[in-house]
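Please look over the sequence and the model below. The report that follows treats ionic pairs, the sheet, and a few individual residues in turn.

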Amino acid sequence: MIILIVIVFAVLGFIVSRRLKSKFKKYSQTSLKANLSGKEIAELMLADNNITDVKVLSVEGQLTDHYNPMNKTVNLSPDVYFGRNAAAAAVSAHECGHAIQHATAYSWLKMRSAMVPVQNASGKILNIVLIASLFGGAFIGLPYELIGFIIVGAYGIMTLFTLITLPVEFDASARALAWVKERNVVTSDEYAMSKDALKWAAMTYVVAALAALATLAYYIMIFFGNRD
């Protein structure tokens, strides 16, 4: 069953990832009439929201765009940073959406940030216990039932993290789309492209959350499914 879950969601993740890259490539071929680069769009959106302490940087890679709340930087891949197209506009505005969330103390983002160290610790504990359990509970001196509680608890935290990520990502996209439309950064056709690109980007997080839920349900069934 766990192998089936892994295969199903690996295939879904692959399909969504390929679709996202295809959409980004397609919409990257449409130049913005406003002729603004991703960097310029990001700086303009930050300025419109009175955010002056966030830097816009270029980072290596493809689709490596992200906002870093630790050093307050909007990090854009070269295709987005220098791009003057609907895809670049969507991604750069989305990452600025996260910067705005941070500046306004958006509750879901605060909750997600607070969970990062707990989620990381849960991942390490889960890896140790899963590997050790392959040799039997006695390998680490823990009974089978306690191992079950640890695995389900750790995976429950990781699953909760993926679920909390969803409103954070959807809200950032909503802020981005509202701003590019109101600021006339994109035309109606370019807006539709930007919206579609962000939709497929969001789908990667949806697949991850569904995969986590399915895996959590599997472990609950395995360890506690036979209980009355």
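## Salt bridges and their setting

The count comes to seven salt bridges, where a salt bridge is a side-chain nitrogen of Lys or Arg within 4 Å of a carboxyl oxygen of Asp or Glu. The model is predicted, so that local features need pLDDT of at least 70 and side-chain atom pairs count only at pLDDT 80 or more, while totals for chains, interfaces and linings use all residues. Residues are numbered from 1 along each chain as its sequence is written, and side-chain values use heavy atoms, with hydrogens and water left out.

| Asp 196 | Lys 23 | 2.8 Å |

In the salt bridge between Asp 196 and Lys 23, Asp 196 lies in helix 7 (residues 188–224) and Lys 23 in helix 1, so the pair ties together parts that are 173 residues apart in sequence. Helices here are DSSP runs of H or I with at least four residues, and strands are runs of E with at least two, both numbered from the N terminus. Both Asp 196 and Lys 23 are buried, a class that means under 20% relative accessible area, whereas exposed means over 50% and partly exposed lies in between (1.4 Å probe, protein chains only). Lys 23 and Asp 196 also belong, together with Lys 199, to a network of salt bridges.

Glu 40 counts as partly exposed because its relative accessibility is 32%, and Arg 84 is placed in the partly exposed class by a value of 34%.

Arg 183 is partly exposed at 38% relative accessibility, and Asp 48 is partly exposed at 34%.

Strands of a sheet pair through backbone hydrogen bonds, either parallel or antiparallel. In this model three strands form an open sheet in the order 1-3-2, with mixed pairing, two strands being taken as paired if DSSP finds at least two bridges between them. Strand 1 (55–58) and strand 2 (66–68) are the edge strands, each pairing on one side only, and the twist averages 25° from one strand to the next. Strand 1 and strand 3 (residues 73–76) run parallel and are joined by four bridges; Ser 58, for instance, has Leu 76 in strand 3 as its bridge partner.

Helix 2 (residues 38–48) lies across strand 1 and strand 3, running at about 165° to strand 1. For such angles, axes are lines fitted to C-alpha atoms, for helices over the stretch in contact, and the values run from 0 to 180 degrees between N-to-C directions.

Which residues does His 66 contact, leaving aside its neighbours within four places in sequence? His 66, which lies in strand 2, is in contact with Thr 73, Val 74, Asn 75 and Glu 95, contact meaning heavy atoms within 4.5 Å. His 66 counts as partly exposed at 36% relative accessibility. From His 66 to Asp 48 there are 18 residues in sequence and 20 Å in space, C-alpha to C-alpha.

## Other residues of the helices

Asp 171 has its place in helix 6 (residues 144–182) and counts as buried because its relative accessibility is 18%. Apart from its neighbours within four places in sequence, Asp 171 is in contact with Gln 101 and Tyr 106.

Asp 189 lies in helix 7 and is exposed, with a relative accessible area of 55%. The C-alpha atoms of Asp 189 and Ala 86 are separated by 9.1 Å, although the two residues are 103 apart along the chain.

Ile 3, in helix 1 (residues 2–27), is exposed with a relative accessible area of 62%.
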